[in-house]
Amino acid sequence: MSKPIKMFTDGACRGNPGKGGWGVLLRFGETEKKLYGGEDFTTNNQMELMAVIMGLEALKKPCRVIVTTDSKYVLSGITEWMLNWKKRNWKTANKKPVLNEDLWRRLDALASQHDVSWEWVKGHSGHPENEIADQLANRGIDELTSSDI
């Protein structure tokens with residue numbers, strides 16, 4: 001079995017909702033790729049989801065991926081909640097529509113194309129790759145903000 005691609009993701013928001021950014025560090029052996037972007041009006045959870053979505057979209061073929069996120073929302077959503085959301089036609093246990101359903105559906109479709117393992121890391125705790133993903137997410141906001149001038 002080939003070694004996995006390691007993906008480190010983070011989202012950020014200034015105001016929630018507000019201007020947001022997402023960042024991804026992809027690593028395969030010694031090779032690294034950094035991705036980031038931003039949106040004018042979004043939430044932190046949406047940016048956390050977008051980071052993983054954009055990271056998976058960057059993969060050119062099905063592969064093993066270890067996704068490391070500091071978002072319990074993303075981790076719990078994909079590993080615990082989604083199965084029941086789908087059984088209930090994208091409704092929560094309280095029969096309310098799932099927030100960010102469009103992003104969850106995108107993530108589900110992308111994750112099903114790969115062999116994905118999910119890991120959680122505490123954010124802003126000095127984890128080197130998570131710090132890089134955070135910097136990339138903030139760069140996404142900064143570049144969005146600088147284009148507003």
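Where does Pro17 lie? Pro17 sits in the loop between E1 and E2, where helices (H or I, at least four residues) and strands (E, at least two) are DSSP runs numbered from the N terminus. Before I go on, a word on the model: it is predicted, with local features needing pLDDT of at least 70 and side-chain atom pairs counting only at pLDDT 80 or more, while totals for chains, interfaces and linings use all residues. Residues are numbered from 1 along each chain as its sequence is written, and side-chain values use heavy atoms, with hydrogens and water left out.

Five strands form an open sheet in the order E3-E2-E1-E4-E5, with mixed pairing, two strands being paired if DSSP finds at least two bridges between them. E3 and strand E5 (115-120) stand at the edges with a single partner strand each, so one side of each has no neighbour in the sheet. From one strand to the next, the twist averages 20 degrees; axes here are lines fitted to C-alpha atoms, for helices over the stretch in contact, and angles run from 0 to 180 degrees between N-to-C directions. E2 and E3 run antiparallel and are joined by ten bridges, and Gly23 has Tyr36 in E3 as its bridge partner.

Helix H1 (residues 44-57) lies across strand E1 (5-15), E2, E3, strand E4 (64-69) and E5, running at about 150 degrees to E1, where contact means heavy atoms within 4.5 Å.

Let me turn to Arg27, which belongs to strand E2. Leaving aside residues up to four places away in sequence, Arg27 touches Pro4, Ile5, Lys6, Phe8, Glu32 and Glu129. With Glu129 the side chain of Arg27 makes a polar contact of 2.7 Å, meaning a pair of N or O atoms within 3.5 Å, of which, within protein, one must be able to donate a hydrogen and the other to accept it, and residues adjacent in sequence count only if both atoms are side-chain atoms.

The space in the largest pocket is about 330 Å³, and of its 17 lining residues (an atom within 4 Å of a point), the closest to its centre are Ile5, Phe28, Leu59, Lys60 and Cys63.

Note on methods: On a 1 Å grid over the protein atoms alone, a cavity is a set of points where a 1.4 Å probe fits but cannot get out, and a pocket is an open set with protein on both sides within 12 Å along at least five of seven lines; lining residues have an atom within 4 Å of a point. Grid points are joined across faces, edges and corners, and a volume is the space filled by probe spheres set on the points.
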